Amino acid sequence: MPFGSFVSEAQAVVGYPATPGSVAGVARRTTRRVIRRSTVYVAALPMGCVRTSVNGVVIWRCGGVYYQPYGGRYVVVYID
């Protein structure tokens with residue numbers, strides 16, 4: 001077989017959408033998330049919050065709720 005000498009085994013990796021060349025991985029890295037502020041403010045964060053960053057903006061994740069520092073207090077934000 002003349003084609004048997006070109007490739008000895010399959011080089012594709014199936015099931016890894018986060019690989020640099022995959023369509024899903026590229027789409028995920030190019031999609032910008034939008035942070036929308038609510039009208040709910042709190043003076044202090046609940047216990048166990050984790051600091052993170054979305055599009056370069058510092059936010060705090062506390063369970064399933066996100067907060068953004070704003071004027072000496074925190075505002076509940078939604079991430080789309």
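**Exercise 1. Determine whether Tyr41 is buried, partly exposed or exposed.**

Solution. Tyr41 has a relative accessible area of 33%. Buried means under 20% relative accessible area, exposed over 50%, and partly exposed in between (1.4 Å probe, protein chains only). Tyr41 is therefore partly exposed.

The model is a predicted one, in which local features need pLDDT of at least 70 and side-chain atom pairs count only at pLDDT 80 or more, while totals for chains, interfaces and linings use all residues. Residues are numbered from 1 along each chain as its sequence is written, and side-chain values use heavy atoms, with hydrogens and water left out.

**Exercise 2. Classify the aromatic pair of Tyr41 and Tyr70, and locate both residues in the chain.**

Solution. A pair of aromatic rings is described by the distance of the centres and the angle of the planes. The structure holds one aromatic pair. Rings of Phe, Tyr and Trp (its six-membered ring) pair if their centres lie within 6.5 Å; planes under 30 degrees apart count as stacked, over 60 as edge-to-face and the rest as tilted.

Next, Tyr41 belongs to strand β1 (residues 35–42) and Tyr70 to strand β4 (residues 65–70). The two residues are 29 apart, and the pair links distant parts of the chain. Strands (E, at least two residues) and helices (H or I, at least four) are DSSP runs, numbered from the N terminus. Tyr70, with a relative accessible area of 36%, is partly exposed.

**Exercise 3. State which residue lies over the face of Tyr41.**

Solution. Arg73 lies there, at 4.1 Å from the ring centre. The criterion is that NZ of Lys or CZ of Arg is within 6 Å of the ring centre and within 35 degrees of the ring normal.

**Exercise 4. Give the order of the elements in the chain.**

Solution. The chain has one helix and five strands. From the N terminus on, they run α-β-β-β-β-β.
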